[in-house]
Amino acid sequence: MTGARRMPEGPHLLTVRRAVRAWFREHCPERTVVVGLSGGADSLALTAACVAEGAQVHAVVVDHAMQAGSAEVARRAADQARDLGCACVEVTTVSVTGAGGPEAAARRARYAALDSVRGDRPILLGHTLDDQAETVLLGLARGSGSRSLRGMAAWDPPRGRPLLTVRRESTVGACAELGLVPWDDPHNLDPSFVRVRLRGEVLPLLEDVLHGGVAGALARTADQLREDGAVLDALAADIAVS
């Protein structure tokens, strides 16, 4: 383990740290975690905040080997994690194969790699409020039911998402405050991916037409549906055993 860098107390980093602190308080008071680190702004900010909050962080950088130069991207992310002061850092290369398209196959490979090293520790992922809003909007466009529209949970054992209340601008800002240069995945600019167009075109248009607050409203919808769903699931379980 290398010594942790002294972290500035900029407003964006403080926002990320508060979210991480609240997540630890509720779900993981022992603060020993595995963090999936891509090198992008969200996972970098999450890693930095976890270290700043006194966590023992095992950072795992998964190289999907799907793009030229991916090994160098992974190496740089690992170096950043060591510089931040993670207790353990490793890079693992996976094979992306199987049904469902490259995004689904990459997700399966990534989660399998993280699961293989976690032991009894939670795996933390850098999904933000913006990711949640995109998930809900995509579900609405597809006519999905309430279970799908619940979106992602902050704690879905063994996976935790401490940043679901944090906007992407804060993770980008936190990296800037720390002097970290995140990796910009070129896939995030490819309009052939539906999520890219949602992020770059649809949500900004909705925010403009509806005078702001759309991303937050979509995330609140997910929260409300998840709470309602938990009650219904509990009632169904009681009926099943009665």
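Predicted model: local features only at pLDDT ≥ 70, side-chain atom pairs only at ≥ 80, totals over all residues.
User: What radius of gyration does the protein chain have, and what would a compact globule have?

Analyst: The C-alpha atoms fill a box of roughly 50 × 45 × 40 Å along the principal axes. A compact globule with 242 residues would have a radius of gyration near 18 Å, and the protein chain agrees with that, at 18 Å.

User: What share of the contacts with a separation of 6 or more comes from residues 24 or more positions apart?

Analyst: A contact here means heavy atoms within 4.5 Å. Among contacts in the protein chain with a separation of 6 or more, residues 24 or more positions apart account for 76%.

User: Which helices do the buried residues of H7 pack against?

Analyst: Helix H7 spans residues 168-178, and its buried residues are Arg168, Ser170, Thr171, Gly173, Ala174, Cys175 and Leu178. Buried means under 20% relative accessible area. The buried residues of H7 pack against H1 (11-27), H2 (41-52), H5 (129-141) and H8 (194-209).

User: Which residue just after H7 takes a positive phi?

Analyst: H7 covers residues 168-178. Just after this helix, a positive phi of about 75° is taken by Gly179.

User: How far apart do the centres of the positive and negative side chains lie?

Analyst: The protein chain has 27 positive and 30 negative side chains. The centres of these two sets are separated by 2 Å.

Key:
Residues numbered from 1 in each chain as written. Heavy atoms only, no water. Rg over C-alpha atoms; globule rule 2.2 N^0.38 Å. Lys, Arg positive; Asp, Glu negative; His and termini not counted. Charge placed at Lys NZ, Arg CZ, Asp CG, Glu CD. Buried < 20%, exposed > 50% of the residue type's maximum accessible area, 1.4 Å probe, protein only. Helix = DSSP H or I, 4+ residues; strand = E, 2+ residues; numbered from the N terminus.
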